[in-house]
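I opened the model to take notes on its fold, its sheet and its pockets. The entries below follow the order in which I looked things up.

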Amino acid sequence: MSWVHLEDKIVTARKPHRCYLCDKPIAKGEKYLRRSGIEEGEGYITAKMHSECEEHTRDWDEGDWETFSSAPIVTGK
């Protein structure tokens, strides 16, 4: 699959969300990273994640993202 990265933005949650990486809650009022892009075969995607969780992925390459499963990343959250 091919990914076209469009934007990363730190935003404040206006409602509760789930972290794409660790699957734990992002509470209303909490700051989080919103990553948007276009995934081949899927279209426009927005992933919401704790900034701390995203730090664990900074050294990931395309293969790491492609093999990422729903098994959560272990964090202090």
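What follows are my notes, from the whole chain down to a single residue.

**Entry 1: the chain.** I noted at the outset that this is a predicted model. I began with the element count and found two helices and five strands in the protein chain. I then read the elements off from the N terminus, and they run β-β-β-β-β-α-α.

**Entry 2: burial and surface.** I looked up burial next. The protein chain has 77 residues, and 30% of them count as buried. Its accessible surface is about 5,300 Å². Carbon and sulfur atoms hold 50% of that area.

Entry 3: Which strands form the open sheet, and in what order? I found three strands in the order 1-4-5, with antiparallel pairing. Strand 1 (3-12) and strand 5 (43-49) are the edge strands, each pairing on one side only. From one strand to the next, the twist averages 20°.

**Entry 4: strands 4 and 5.** I went through this pair in detail. Strand 4 covers residues 31-39. It pairs with strand 5 in the antiparallel sense, over seven bridges. I picked out R35 and looked for its bridge partner in strand 5, which is A47.

**Entry 5: the largest pocket.** How much space lies in the largest pocket? I read about 530 Å³. Its lining has 19 residues. Nearest its centre are W3, Y20, E39, W65 and E66. I then sorted the lining by element. Strand 1, strand 4, strand 5 and helix 2 (62-67) each supply at least two residues.

**Entry 6: S2.** I ended on one residue, S2, in the segment before strand 1. Is S2 buried, partly exposed or exposed? S2 has a relative accessible area of 33%. That value falls between the 20% and 50% cut-offs, so S2 is partly exposed. I next asked what S2 touches beyond its neighbours within four places in sequence. The contacts of S2 there are I38, E39 and E40. One of these, E39, is also among the residues nearest the centre of the largest pocket. I checked one C-alpha distance as well: S2 and E42 are 40 residues apart along the chain, and their C-alpha atoms are separated by 9.9 Å.

Terms used. Residues are numbered from 1 along each chain as its sequence is written. This is a predicted model: local features need pLDDT of at least 70, side-chain atom pairs count only at pLDDT 80 or more; totals for chains, interfaces and linings use all residues. Side-chain values use heavy atoms; hydrogens and water are left out. Helices (H or I, at least four residues) and strands (E, at least two) are DSSP runs, numbered from the N terminus. Buried means under 20% relative accessible area, exposed over 50%, partly exposed in between (1.4 Å probe, protein chains only). Accessible areas come from the Shrake-Rupley method with a 1.4 Å probe; for residues, only the protein chains shown count as cover. Two strands pair if DSSP finds at least two bridges between them. Axes are lines fitted to C-alpha atoms, for helices over the stretch in contact, and angles run from 0 to 180 degrees between N-to-C directions. On a 1 Å grid over the protein atoms alone, a cavity is a set of points where a 1.4 Å probe fits but cannot get out, and a pocket is an open set with protein on both sides within 12 Å along at least five of seven lines; lining residues have an atom within 4 Å of a point. Grid points are joined across faces, edges and corners, and a volume is the space filled by probe spheres set on the points. Contact means heavy atoms within 4.5 Å.
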